[in-house]
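Please walk through the structure shown here, with attention to how its parts meet.

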Protein chains: 2
Amino acid sequence: MKVLITGGAGFLGQRLARELLARGELKGPDGQPQKITELVLLDVVAASGFSDSRVRAEVGDIAERSVLERVIDERTSVIFHLAAIVSGQAEADFELGMRINLDASRLLLETCRLRGHRPRVVFTSSVAVYGGDMPDVVRNDTALNPQSSYGTQKAIAELLLNDYTRRGFVDGRVLRLPTISVRPGKPNAAASSFASGIIREPLNGEAAVCPVTGGTRLWLLSPRQAIACLIAGLELDAAALGHQRALNLPGISVSVDEMVAALREVAGEAVVKRIQWQPDPRIEKIVGSWPGRWDTTRAEQLGLSGEKSFADVIRSYIEDEHIQPV
Amino acid sequence: MKVLITGGAGFLGQRLARELLARGELKGPDGQPQKITELVLLDVVAASGFSDSRVRAEVGDIAERSVLERVIDERTSVIFHLAAIVSGQAEADFELGMRINLDASRLLLETCRLRGHRPRVVFTSSVAVYGGDMPDVVRNDTALNPQSSYGTQKAIAELLLNDYTRRGFVDGRVLRLPTISVRPGKPNAAASSFASGIIREPLNGEAAVCPVTGGTRLWLLSPRQAIACLIAGLELDAAALGHQRALNLPGISVSVDEMVAALREVAGEAVVKRIQWQPDPRIEKIVGSWPGRWDTTRAEQLGLSGEKSFADVIRSYIEDEHIQPV
């Protein structure tokens, strides 16, 4: 089995690659395990840190047809399409967001259609496909009404993936990721970057800026459970999924105040005091347009799961990243 | 005021052009009437039959950037984007549907964005954006869940138009047209072609094939009211529309049996007897995925209206097309 991860040098891509290499196999479309013989990591920079002979790091622009033709062949039976321009950047640079989030996603599906081998494709979408006047609880079939260019591009890619699946060009699965927290590393251009920063930086002894008010509600999933859901989503039986291929993943709905309380519970008041509250209307507007409460029954019925509490999320971060809170 | 109609040689395009020329003016964004000084009709064949000096017929492929740059300039303040590949054809020829229904729509919006003059754009969408498990009554904000490539392409163009409007690149309005009935002329490749054929052909003394069962429910609007709604949609105050630019137009919900009964009421039993019932599973599947009952409160509140009965629709067809039922 040959597996492709786009965005393979990114945070989720690298973590997914390590998990796939450790497992060594994935269920095939028939539910039987198949050995992973080749793992291609495509990104604009080389994925590094892998000394495994199954790994091939490919560098290229995913919006170029020739690059996709190079990394997808008839033996590429599994594709995790994670490459994306994040929300804040897609809003700031309209053309770049359209090129990567829309054009490249379509080109990936087109490459599969023209190859004709009907691979399974897992595509990561986002809470940002929802917006406007929303019900109190967002369900799997709540209308998409994005209020950002990022959300629009993700919603369009979802529609494409559904149609390519209906026509038998690919066997697609869309997983709408909650905001991933706690991400290790540095802040990024995503409007939701603070959702990791206000936990990560204080645990490292550094100050962190929170650009939204404490009442702001977020829908969060740890990197550990996100990876588990990506793999479980790929292995789902196509027949159980039916025609509508998008699933809201089971995250935790928490307010920023509740996140801070969980940090206090796990690491103490001195750590919490490193959070500085500086509301930023631009960030508040984007994040405030995302829903905070979710009915994820469908994903749970299909066997996908998240954490039980945000304190558990912080603990899994400390464990996975070998953090020594200071 | 310079006005562009794409699909300007088509049935709705020609009729809209005649109505605009007769009116001679349209409300500007400020609500004040402005004279129409130039009316550009773009299509793959030349729009003919106009001897008006305001009309300019342009022939070109709407999916070519140079063609759109030729017909849209900084003075093109109103665009009616009607050009499309119909449902049956978009399902049969995937690449053609994507090229015209998706690529050309996006290119039109891009041309406006790069010109930077923020024209008003009326885009015609379709009932085919809905599908799957639907509520009994479809509302303006029911989730889009297309079950055809045509519906997918229209839904994507709606999302693009909303985002281009939100960002201030255009001032867009999406009108989701009911099935237009009664269309004059010949059958076409649309799955809904019979919805005109079973009225038009019998009135002309010809046999017509009905490919669906009598219980099939359709949502219909006459050409006369469709044109009135296109113009009213263009003239709507942007502030009254808000962020969500798509409107389900007020059609009539009727079963095919009710359509036949209306034909009997208007033209008699001998005419009705010319309908031949030959169910076609391919057509039934596509049409059956469209919803039949609608809540169009929002459009009505904004002043858009349809007919009161299907018998009225038949009568307006007989009147507008100067038909002598035989």
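How many residue pairs are in polar contact between domain 1 of chain A and domain 2 of chain A? The count is five residue pairs, both residues at pLDDT 80 or more. A polar contact here is a pair of N or O atoms within 3.5 Å; within protein, one must be able to donate a hydrogen and the other to accept it, and residues adjacent in sequence count only if both atoms are side-chain atoms.

This is a predicted model, in which local features need pLDDT of at least 70 and side-chain atom pairs count only at pLDDT 80 or more, while totals for chains, interfaces and linings use all residues. Residues are numbered from 1 along each chain as its sequence is written, chains are lettered from A and ligands numbered from 1 in the order written, and side-chain values use heavy atoms, without hydrogens and water.

Domain 1 of chain A covers 2-179 + 220-248, and domain 2 covers 194-218 + 252-294 + 307-320; such bounds come from an automatic or database domain assignment. Their C-alpha centres lie 27 Å apart. The contact (heavy atoms within 4.5 Å) takes 18 residues from domain 1 and 16 residues from domain 2.

The two domains bury about 1,600 Å² between them, 63% of it on carbon and sulfur atoms. Buried area is the accessible area (1.4 Å probe) that two parts lose on being put together, summed over both. On the domain 1 side, A:Val127, A:Leu220 and A:Arg224 lose the most area, together 40% of what that side buries.

A:Arg224 also forms a salt bridge with A:Glu319, with the closest N and O atoms 3.1 Å apart. The rule (a side-chain nitrogen of Lys or Arg within 4 Å of a carboxyl oxygen of Asp or Glu) finds three salt bridges across this interface.
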